[in-house]
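Open the model in your viewer and keep the selection tool at hand. We will go from a single side chain to the whole chain.

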Amino acid sequence: MLKTFLINLERRPDRLMFVKQQLENLNIAFERVNAVDGNCLTDEQKAFFNQKRFALECKRKAVNGEIGCALSHQTVWQRMVDENIPYALILEDDVQLKPELVSLLTDEKNFQSFDFLNLTLKRPFYDIDVAAVNSCIAQKQFVRPRFWQLVRRRLWCFMESKAIVRWKIFRLHMLCNHMIACECDIAPSLACCYIVSLQGAKNMLQASKNLFYPIDKVWHYSGGRLKEAFLVEPLAFQNLDSDIPHRVRFKLTLGQKIKRFFLKGRHWRRHFDVVKMYGWTRL
């Protein structure tokens, strides 16, 4: 079975029991990782976030809970590097799991094609058209058509985000029990349940040395031609009881608004790697 890490705050034994019971019922062995408590950060840990750039990206200040969460995920990635763990399932302690997770983890062929596989579903693929996905599979259209293949491309685009054209699906993967994974750019944000490769862990550590965004967007900025994906039907859901309060937005100054226009969401490294991986004709 895949190595599984559960990130849990020491002061939240209730959450530990909540996820532990689920994992035991599914017969999934796990290792608890003591989460970094945002209430007990050192000045050095607080300096880990680039607050000025973070404000431009998110219109708010990075709160201590976010910093603790980021450091906790980094701890797991570093463990993978130190112990040469090829793949790991990483969970937060507020996750609700579906029983089908077991079959996904049993055979590594289900996830070894990816460096990052998000088992939840979040922005921007809320409204993915499952009928369009099934149509593409029925037509054996597993790879994103080139830009001149207009008819095939029109069907493919129905699967993608209707709001943001730059979020693309490049390949469909048939997994066990009729599960479908979408290889994409960029993978949905949410870090409560995901599988990451050793190479993915290395690149995410590198990309998160000086954070100016929440940790669940690190794969948006990671270089190294990482293959990222999500499941059409998610296997995990995050509960709404958050341990990261006080995330309050504020108004930017005119100077900040100008900087934000040029800097926000500029995933240049990732974009160049995507072109190298899939070719500009499939963008």
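Helices (H or I, at least four residues) and strands (E, at least two) are DSSP runs, numbered from the N terminus. Bear in mind that this is a predicted model.

**Stop one: a loop asparagine.** Select Asn110. It sits in the loop between helix H5 (101–106) and strand S5 (116–118). Is Asn110 buried or exposed? Asn110 counts as buried, because its relative accessibility is 6%, and the cut-off for buried is under 20%.

Now show its polar contacts. A polar atom of the Asn110 side chain lies 3.2 Å from the backbone oxygen of Leu104. The Asn110 side chain also reaches the backbone nitrogen of Cys176, at 3.2 Å. Leaving out residues up to four places away in sequence, Asn110 touches Ser103, Leu104, Leu117, Leu175 and Cys176.

**Stop two: the cysteines.** How many disulfides does the structure hold? The count is 0. Select Cys176: its nearest cysteine sulfur belongs to Cys193, 14 Å away. Move to Cys184. Cys184 counts as buried, because its relative accessibility is 0%.

**Stop three: the whole chain.** Zoom out. Color by secondary structure to find 11 helices and 10 strands. The C-alpha atoms fill a box of roughly 55 × 55 × 35 Å along the principal axes. The radius of gyration is 19 Å, which agrees with a compact globule of 283 residues. Buried residues make up 53% of the chain. Of the contacts between residues at least 6 apart in sequence, 78% join residues at least 24 apart.

Finish with the surface. The accessible area comes to about 14000 Å², and 54% of it belongs to carbon and sulfur atoms.

Methods: Residues numbered from 1 in each chain as written. Predicted model: local features only at pLDDT ≥ 70, side-chain atom pairs only at ≥ 80, totals over all residues. Heavy atoms only, no water. Disulfide = S-S within 2.5 Å. Buried < 20%, exposed > 50% of the residue type's maximum accessible area, 1.4 Å probe, protein only. Polar contact = N/O pair within 3.5 Å; in protein donor to acceptor, adjacent residues only side chain to side chain. Contact = heavy atoms within 4.5 Å. Rg over C-alpha atoms; globule rule 2.2 N^0.38 Å. Areas by Shrake-Rupley, 256 points an atom, 1.4 Å probe, with all protein chains shown as cover.
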